[in-house]
Amino acid sequence: MKYGFLIILMIGGVWCSQAQSKKKDKNKPDRKEQVQDAPSSRDPGNSDNLFKGNRKRGKSNSGKKYGSLEANAVQEYQQRMKSNAKKYKKIERIKDRPQYADPSYFGHKRKPKKRPVGKRKLCKECGIVH
């Protein structure tokens, strides 16, 4: 009786553990197959034709032939870099002005007047009494 109960208990435990495990579906592809198809940071896939497009065979008004999309992207990048360099040079020139370089300006366009002690008032611009 004891042995029969133990055998039934063991068979029931094995049966329950099999019921909890996932069964493989033959119609669904494995996880590894799904990962191989989709590009990721580890396996980006084939990116040879990422920037290449169809070449245009016509001529523009200036007589130049159109290049590929990659060449156009490089030209746009170079133009952006030139315009950014020009913008940063302008900002550097502006920073050299005394209203930005001299600390006595306190953020004003013109140097604030130093009034006598009795006539000083609170400045709305910088919050200092001068």
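Predicted model: local features only at pLDDT ≥ 70, side-chain atom pairs only at ≥ 80, totals over all residues.
1. Phe 106 touches Pro 112, Cys 126 and Ile 128, leaving out residues up to four places away in sequence.

2. Phe 106 is placed in the segment after α4. Its relative accessibility is 41%, so Phe 106 counts as partly exposed. Cys 126, one of its contacts, is 20 residues away along the chain, and the two C-alpha atoms are separated by 6.6 Å.

3. Glu 125 also has its place in the segment after α4. With 57% relative accessibility, Glu 125 counts as exposed, because the cut-off for exposed is over 50%. Between Glu 125 and Phe 106 there are 8.9 Å in space, C-alpha to C-alpha, and the two are 19 residues apart in sequence.

4. Which residues does Glu 125 contact, leaving aside its neighbours within four places in sequence? They are Gly 107 and His 108. With His 108 there is also a polar contact, side chain to side chain, at 3.4 Å.

5. His 130 lies in the segment after α4, where α4 spans 98–101. Is His 130 buried or exposed? At 13% relative accessibility His 130 counts as buried, because buried means under 20%.

6. Not counting residues up to four places away in sequence, His 130 touches His 108, Pro 112, Lys 113, Arg 115, Arg 120, Lys 121 and Cys 123.

Key. Residues numbered from 1 in each chain as written. Heavy atoms only, no water. Helix = DSSP H or I, 4+ residues; strand = E, 2+ residues; numbered from the N terminus. Buried < 20%, exposed > 50% of the residue type's maximum accessible area, 1.4 Å probe, protein only. Contact = heavy atoms within 4.5 Å. Polar contact = N/O pair within 3.5 Å; in protein donor to acceptor, adjacent residues only side chain to side chain.
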